[in-house]
Amino acid sequence: MIILHEGGGPGPKAAAGTRVYALRLTVGSIQPRVWRRLLVRESMWLSRLHEAVQTSFGWYDYQTHVFSIGEKRYGNPVFREGAMIDDDRDASLAAVRFAEHDRLAYDYLFADGWHVDIRVEKIVRASKGGVYPACVAGERAGPPEDCGGIEGYQDMICCLQHPETDLGHEWREWLGVGYDPEKCDLAAINKALKRLAKMG
């Protein structure tokens with residue numbers, strides 16, 4: 001992680017509302033990589049970060065999720081597998097010292113779902129008039145959340161490369177003509193993120 005100080009940038013004690021994290025989000029166990037670079041305010045609630053992750057990968061929040069931050073878990077509050085998952089609506093990135101942890105992860109849909117590794121790449125000062133969250137880079141479309149997990153996704157990619165086959169046709173019909181696994185549509189992502197930003 002890099003903390004920028006030059007040019008009046010935020011030092012370690014800068015007010016939480018003025019600092020912005022550049023997060024690298026990478027969907028685990030998929031090759032080639034599916035990833036996003038997301039800019040978020042340090043004062044953001046974890047529940048809002050959850051919504052931003054969902055938006056960035058084109059998911060629809062149908063299932064349970066959890067953030068793993070050090071030894072703590074945040075998400076849909078429940079006692080699960082012998083551990084308490086705390087409510088992510090009650091914790092901000094600043095409050096959980098998000099940038100100070102080496103291990104950050106987001107899991108969605110558990111059994112046949114998706115694991116997202118999160119890394120804080122750098123911390124900068126919020127730009128005047130800047131809208132956050134914002135997605136500034138990424139590669140490839142997010143995997144469809146209910147395609148059958150990693151194995152289903154890899155099968156889907158293989159079948160789409162052979163559209164003349166029955167399975168290739170079935171996958172294309174299920175996905176719709178607009179889905180391109182190689183395309184990361186930053187404009188569409190940021191349009192949706194702007195709606196999220198307006199919600200506070």
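Biologist: Is the crossing of α2 and α3 left-handed or right-handed?

Modeller: A crossing is left-handed if the near helix is turned anticlockwise from the far one by less than a right angle, and right-handed if clockwise. Here α2 and α3 cross in the left-handed way. This is a predicted model, where local features need pLDDT of at least 70, side-chain atom pairs count only at pLDDT 80 or more, and totals for chains, interfaces and linings use all residues. Residues are numbered from 1 along each chain as its sequence is written, and side-chain values use heavy atoms, leaving out hydrogens and water.

Biologist: Which residues make the contact?

Modeller: Contact means heavy atoms within 4.5 Å. From α2 come G152, D155, M156, C159 and L160, and they meet L167, G168, W171, R172 and L175 of α3.

Biologist: At what angle do the axes cross?

Modeller: Axes are lines fitted to C-alpha atoms, for helices over the stretch in contact, and angles run from 0 to 180 degrees between N-to-C directions. The axes of α2 (residues 149-160) and α3 (residues 166-175) come within 8 Å, crossing at roughly 110 degrees. That makes the two helices, α2 and α3, roughly perpendicular (65 to 115 degrees).

Biologist: And how many helices and strands are there in the protein?

Modeller: Helices (H or I, at least four residues) and strands (E, at least two) are DSSP runs, numbered from the N terminus. The protein has four helices and 10 strands, in the order β-β-β-α-β-β-β-β-β-β-β-α-α-α from the N terminus.

Biologist: What share of the residues is buried?

Modeller: Buried means under 20% relative accessible area, with a 1.4 Å probe and protein chains only. Of the 200 residues in the protein, 47% are buried.

Technical notes. Angles under 35 degrees count as roughly parallel, over 145 as roughly antiparallel, 65 to 115 as roughly perpendicular and the rest as oblique. Buried means under 20% relative accessible area, exposed over 50%, partly exposed in between (1.4 Å probe, protein chains only).
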